[in-house]
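I set down what I looked up, entry by entry.

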Amino acid sequence: MTVLLKVEGITKRFRGLVAVDNVSLEVPQGAIYAVIGPNGAGKTTLFNMIAGEFAPNAGTIAFNGERVDGLSPDVICRRGVGRTFQIVKPFPALSVEDNVMVGALLRKPDIGAAREWTRVVLDRLDLFDKRAQRASSLTLPDRKRLEVARAIATEPKLLLLDEVMAGLRPTETDRMVDVFRRLNQNHGVTILLIEHVMRAVMALAQEILVLHHGAAIAKGAPKDVVREKAVIESYLGAEAVH
Amino acid sequence: MPLDVYLNVAVGGLLTGLVYGLMALGLSVIFGVVRVVNFAHGEMMTIAMYLAITLFSVLGLDPLVMLVPIAAVLFVFGYALQAKLINSFITRPEHSQFLLLVAIAIILVNGLLIIYGPDARNVQTSYSFDSFEIGRLIIDANKLYAAFAALVVTALLFAFFRFTATGTAIRACADNHTGALVVGLDVKKLYALTFALGSACVGAAGVMLLMIFDVTPALGPAYTLLAFVIVITGGLGSMPGALLGGVLIGMTEALAGLLFQPSMKSMFTFAILVLVLLIRPQGIMGRRA
Amino acid sequence: MIGRILRDVPRRTLVLLACFFAVLAAVPFIAGDYVLTILILILYFAYTGQAWNILMGFTGYLSLGHALFTGLGAYSAASLFVHFGVAPWLGLLAAIPIAMAVAGLMGFLAFRFRVSGVYFAILTIAFAEFARIGFDHFAWVSGSSGLFLPVAQYAHNDLWRLRGNPMMFYYIILVATALAFLISYLLLRSRTGYFWLAIREDEQAARATGIDTFRYKMMAVMISAGMTSFGGVFYAFYYNNLFPEQVFHIARSIEIILAPMVGGIGTLFGPIVGAFVLETASEGLRVILEAFGIDVPGIKQVFWGFVLLAIVIALPEGVWPWIARRLGLKERGP
């Protein structure tokens, strides 16, 4: 199995504070990989380094066999990494369709071709009926799916999802899980997700990395990881162990 | 040229710069709290200057005495402006606020033009031509008094923000708008108060600048621009920054006027502005947003 | 291209547009020079507003210094004409690249150092002020004493050298306005246009969507400046005199942006509608004041300020979106 994303020993410090400490991970092609951990564990920082928002202080990130650490977000996206934001960032005044068009135009410079592809993506994310609405008028679950649609429209090999389930009701979460499973199985998109909602993680991920205070404390299949004492302590609080 | 000349010009620039600083402080305070850029700032200052001219010609009041009533008038004007108009624009996009203030500026400039005509005016006090000599340094009495008054007003404002309950509430408002709402502060009223204080600052600065320069209605936009340059140089929202920026720009103007043609002096202030924007966009004393 | 336009644009909009430009084209046959001079002014602001709108309306960067680009255009073409007798259409070959180069420099500095928002606006003012003072001391263009184009009584309209009567200038600016509208339309519907809107809406998200934001912002500022500079060339040959104090003054920059702001930022019709509303209000005020025998300098501007105030308060999105809703037309984006 080929490795699509290989992170080796990356570290990020903010004014002496170590946000991510010597973390390594390997995401195989076609996998769904989850990073979990309590608030402030450094998940989003790890994510932002992979997406190119900032460069790591140490360590390397390789995507598709090439070094990408230190490259800017737009270059990384063009290499084939799509992302969503923890606090959703659709283009508020544009219609749902135009939001996705922006993504589609990245690899399909022709307007007509981009529009066709946009409709396909909208359909995949169950947004086709809302295509004429302004993004700012959408509900939170819809806005989250719109962000995923925009990222998918850039035809990424790897999709980074930053707490895309947060704030969703259980039924909405299940719907979202279903969307990602289809994207992964039918369209071959590799997914790396940061998630708080364990229900989603357990349903989706084949492999989990647990971060705590910036360091990786456990790694493995979901079933095994949640049984580890360190994970339960850090994640659920020490009292849960007893 | 002998060194004395440079020294004298530099000191003159420093004193003028302190008054500039007070003017810019008004803009900075308003932006720091209300998050609205007052594009009518210079126009409000010219209003204060013309008020001073009227009071001087009718009552013969000394500018230093007029400072208080004129600052009070501008305070009321600023309060009304924020409470009646700008508050409803707080949530609108930046360009919408800009257009509102441009409209106000147009009305103010041309209102002054109608009342006072286009000619330059100034005031002549009994001490207009006095000066103090310290060794070989000659300081204009006008500039010294004006700078001193500017420092006093700045200190008062500083004390207000630091030591009064209302001042603290305004600072809380500036730091965390939502938080201020949650703890039950009347944000709109505090905004109006802030705009009023900023206006009072620029009003006081106007009276003092009148002791140094002539005034015409058309000067409004130029002073708005100058206030921007100073505030951005010093750091938008920083009180000491405004004062420091004022001194820096005042001295630059004075020395550039001496070394090159006076008409070229604003080129140097703009050069400083561009450098600051590129190298340290948060300003000399500002914090990165 | 034409086919696509006919397909994409709603029938109603096309009919309206055709009628609008047909009426404007017919005006010189019915109206005199007085109406023409006012229309020239309106179209001039519609044109420059359209050009400015590309930077602010499409890309979200507020320029308060566009007088820099009209000024550079005006001075480039006029000085070539005065010194070497170069016709303005050839002068454009200098004016447009000069304006674009200066815009490129300004954009490079601003975007490399991530200057945005109010700071970007102030930077544009600084550049315009720089030019104002610089040209004041630039002897080759006569500095502050002003550059004058030779004016003689022309027996016929010389379109090549832009010497002639208001009717000639009217048609030139009418064609320019129509072209600027078309260019803006095509840009907005292009890949570049989509990327500009994305940058305007959320720059970080735009970058994460793979857009080289630096490159597209550079394109916006340079295209906007290049188009604006033609407005300056027109201004120079229409008014025949140039003073740095006036041409580069911040008041000129503000004039340029008022029409699209009042009409509706980011819309294609906004600059045109805004220019009509503002100039009609301004001229109407003049006529009314004259009728009452009031001749006080500044009074017209005060009224004008109040009109502006009323529009800003009552129609926050601008006049055009409001009209469009009533006409049942819809234009993409705000």
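Entry 1. I looked up A:Asn22 and found it partly exposed, with 14 other C-beta atoms within 10 Å. I took a residue as buried at 20 or more other C-beta atoms within 10 Å of its own, exposed at 12 or fewer, and partly exposed in between, with C-beta atoms placed from the backbone.

I worked on a predicted model, in which local features need pLDDT of at least 70 and side-chain atom pairs count only at pLDDT 80 or more, while totals for chains, interfaces and linings use all residues. Residues are numbered from 1 along each chain as its sequence is written, and chains are lettered from A and ligands numbered from 1 in the order in which they are written.

I noted that A:Asn22 lies in strand 2 (residues 17-28) of chain A. Strands (E, at least two residues) and helices (H or I, at least four) are DSSP runs numbered from the N terminus. The phi of A:Asn22 is positive, about 55 degrees, although the residue is not a glycine. Most residues other than glycine have a negative phi.

Entry 2. I then turned to A:Asp126, whose phi is also positive, near 55 degrees. I located A:Asp126 in the loop between helix 4 (111-124) and helix 5 (140-153) of chain A.

Entry 3. I examined the contact (C-beta atoms, placed from the backbone, within 7 Å) and recorded 22 residues from chain A and 19 from chain C. On the side of chain C that touches chain A, helix 8 (191-201) and helix 9 (203-208) each supply at least two residues. Helix 8 of chain C gives the most to that side, with six residues.

Terms used:
Two residues are in contact if their C-beta atoms, placed from the backbone, lie within 7 Å.
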